[in-house]
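Look at the structure below before you read on. Keep the view open as you go.

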Protein chains: 6
Amino acid sequence: MKISARNHLKGTVKKIVPGVVNTEVTLEIAPGVEVVSIITKSSADQMRLSLGKEAYVVVKATDVMIGID
Amino acid sequence: MKISARNHLKGTVKKIVPGVVNTEVTLEIAPGVEVVSIITKSSADQMRLSLGKEAYVVVKATDVMIGID
Amino acid sequence: MKISARNHLKGTVKKIVPGVVNTEVTLEIAPGVEVVSIITKSSADQMRLSLGKEAYVVVKATDVMIGID
Amino acid sequence: MKISARNHLKGTVKKIVPGVVNTEVTLEIAPGVEVVSIITKSSADQMRLSLGKEAYVVVKATDVMIGID
Amino acid sequence: MKISARNHLKGTVKKIVPGVVNTEVTLEIAPGVEVVSIITKSSADQMRLSLGKEAYVVVKATDVMIGID
Amino acid sequence: MKISARNHLKGTVKKIVPGVVNTEVTLEIAPGVEVVSIITKSSADQMRLSLGKEAYVVVKATDVMIGID
């Protein structure tokens, strides 16, 4: 499926922390650049996420904030 | 301010598209890796965002989805 | 792409209202059951959304609230 | 209370999975059309959600994405 | 309607900035404490929001971040 | 860091409920006006949040809904 969320960043699964309802997944999308995601446990199980697997970080533009020092 | 959002990715402003209420800002966070953000126009003006400026992509973990082919 | 968002509801495009940065799209997902989405204008253009086109409503479980009378 | 979220879809509670902080609730909003929500456990308890109860799926338009095959 | 979003803060409409698709609304929820909301223009019109009107700020707990100096 | 989220409301930590992946934090932002936030457990630990500590509620304008009676 092609989806309207503007940001699709290719990466590799680096870490998985399962919880009761949610699971925390960390992806590396460029050397040393990691993104943390929290998805439902059932989604993580259905997608058979495992360390080293190729996956995409998907984020809507309206969910991305900008920060400056 | 230090903020609870889990993802802070350092980058450079590549493109700015202002609208009436919102403004679209594109940051490069690694060579060839771009992230699009939509923030309010007044925030973009207050932060004096301009092309080439250093800035951070800030995203909550619960707003990051995972996709697989 | 298969995505972690839990809700994928098949429907048909009923209405499109384009803005400067965002575009409002209405889908019918069951007889008389309509869902309104606001996505970025460029996503709507890229997906070549048009009236009558088959599409999916995609929503994360954490973005769905529950209401009672 | 009348609320600004654009989408109010009437349905029936089909499934409830309680967690420590969050609870997962599934509503049927049309024959065979189910929507999964994750709300805080205390909200689920306060609303006395139970199987078969009438309830609404409430979603902001900016939280609804569009997908196409 | 009673809704699962955890935060309902009573206030008064202080400012309204209409856009093409979205409208920016500012509420005062305590002396000198203002909250800015962006909702769809059609919701703002339907709710007949006007300066001085009593209204609530409604926010999901998962959409509230914490910051420290 | 200065961040694009429009709402920064100063307050004091009143209550903390830790979970496996997420933690629920309540802040008082004005006499009798409380806001509930759910952040990741690791963020709460990193920020060393404790009862009585000064902190900010940070919310994007697009995540704030409006309600009327």
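This is a predicted model: local features need pLDDT of at least 70, side-chain atom pairs count only at pLDDT 80 or more; totals for chains, interfaces and linings use all residues.

## How chains A and B relate

Start with two of the copies. Chain B can be laid on chain A by a turn of 180° and a shift of 0.0 Å along the axis, with an RMSD of 0.0 Å. The two copies are thus related as by a two-fold rotation axis.

Through what surface do the copies meet? Of the interface residues of chain B, 100% are also interface residues in chain A, so the copies meet through the same surface.

## B:Ser37, a buried strand residue

Find strand E4 of chain B, residues 33-40. B:Ser37 is in this strand. Is B:Ser37 buried or exposed? Its relative accessibility is 0%, so B:Ser37 counts as buried; the cut-off for buried is under 20%.

In chain A, B:Ser37 touches A:Ala61, A:Val64, A:Met65 and A:Ile66. In chain B, B:Ser37 touches B:Thr23, B:Glu24 and B:Val25. Residues up to four places away in sequence are not counted here. One contact with chain A is polar: a polar atom of the B:Ser37 side chain lies 2.7 Å from the backbone oxygen of A:Val64.

## B:Ser43, a buried helix residue

Now move to helix H1 of chain B, residues 41-46, where B:Ser43 is found. B:Ser43 has 4% relative accessibility, so it counts as buried.

Its side chain makes a polar contact of 2.9 Å with the side chain of B:Thr40. B:Thr23 is 20 residues from B:Ser43 in sequence, yet their C-alpha atoms are 8.8 Å apart in space. Which residues does B:Ser43 contact, leaving aside neighbours within four places in sequence? They are F:Ser4 and F:Arg6.

A:Asp63 sits in a loop of chain A, between strand E5 (54-59) and strand E6 (65-68).

Chains B and F both supply contacts. Leaving aside neighbours within four places in sequence, A:Asp63 is in contact with B:Val58, B:Val59, B:Asp63 and F:Lys60. The side chains of A:Asp63 and F:Lys60 make a polar contact of 3.3 Å.

A:Val20 lies in the loop of chain A between strand E2 (7-18) and strand E3 (22-30). The relative accessible area of A:Val20 is 48%, so A:Val20 is partly exposed. The exposed class starts over 50%.

Which residues make the nonpolar surface patch of about 250 Å²? A:Val20, D:Val20 and F:Val20 make it.

Finish with a backbone angle. Most residues other than glycine have a negative phi. A:Arg48 has a positive value, near 50°. B:Arg48 also has a positive phi, of about 45°, although it is not a glycine.

Where are these residues? A:Arg48 is in the loop between helix H1 (41-46) and E5 of chain A. B:Arg48 is in the loop between H1 and strand E5 (54-59) of chain B. A:Arg48 counts as exposed, at 67% relative accessibility. B:Arg48 is exposed too, with a relative accessible area of 67%.

Conventions: Residues are numbered from 1 along each chain as its sequence is written. Chains are lettered from A and ligands numbered from 1 in the order in which they are written. Side-chain values use heavy atoms; hydrogens and water are left out. Patches are made of residues with over 30% relative accessible area and no salt bridge: like charges are joined within 9 Å, nonpolar side chains (Val, Leu, Ile, Met, Phe, Trp, Tyr) within 5 Å. Accessible areas come from the Shrake-Rupley method with a 1.4 Å probe; for residues, only the protein chains shown count as cover. A salt bridge is a side-chain nitrogen of Lys or Arg within 4 Å of a carboxyl oxygen of Asp or Glu. Helices (H or I, at least four residues) and strands (E, at least two) are DSSP runs, numbered from the N terminus. Buried means under 20% relative accessible area, exposed over 50%, partly exposed in between (1.4 Å probe, protein chains only). Contact means heavy atoms within 4.5 Å. A polar contact is a pair of N or O atoms within 3.5 Å; within protein, one must be able to donate a hydrogen and the other to accept it, and residues adjacent in sequence count only if both atoms are side-chain atoms. Copies are superposed by least squares on the C-alpha atoms of residues with pLDDT of at least 70 in both.
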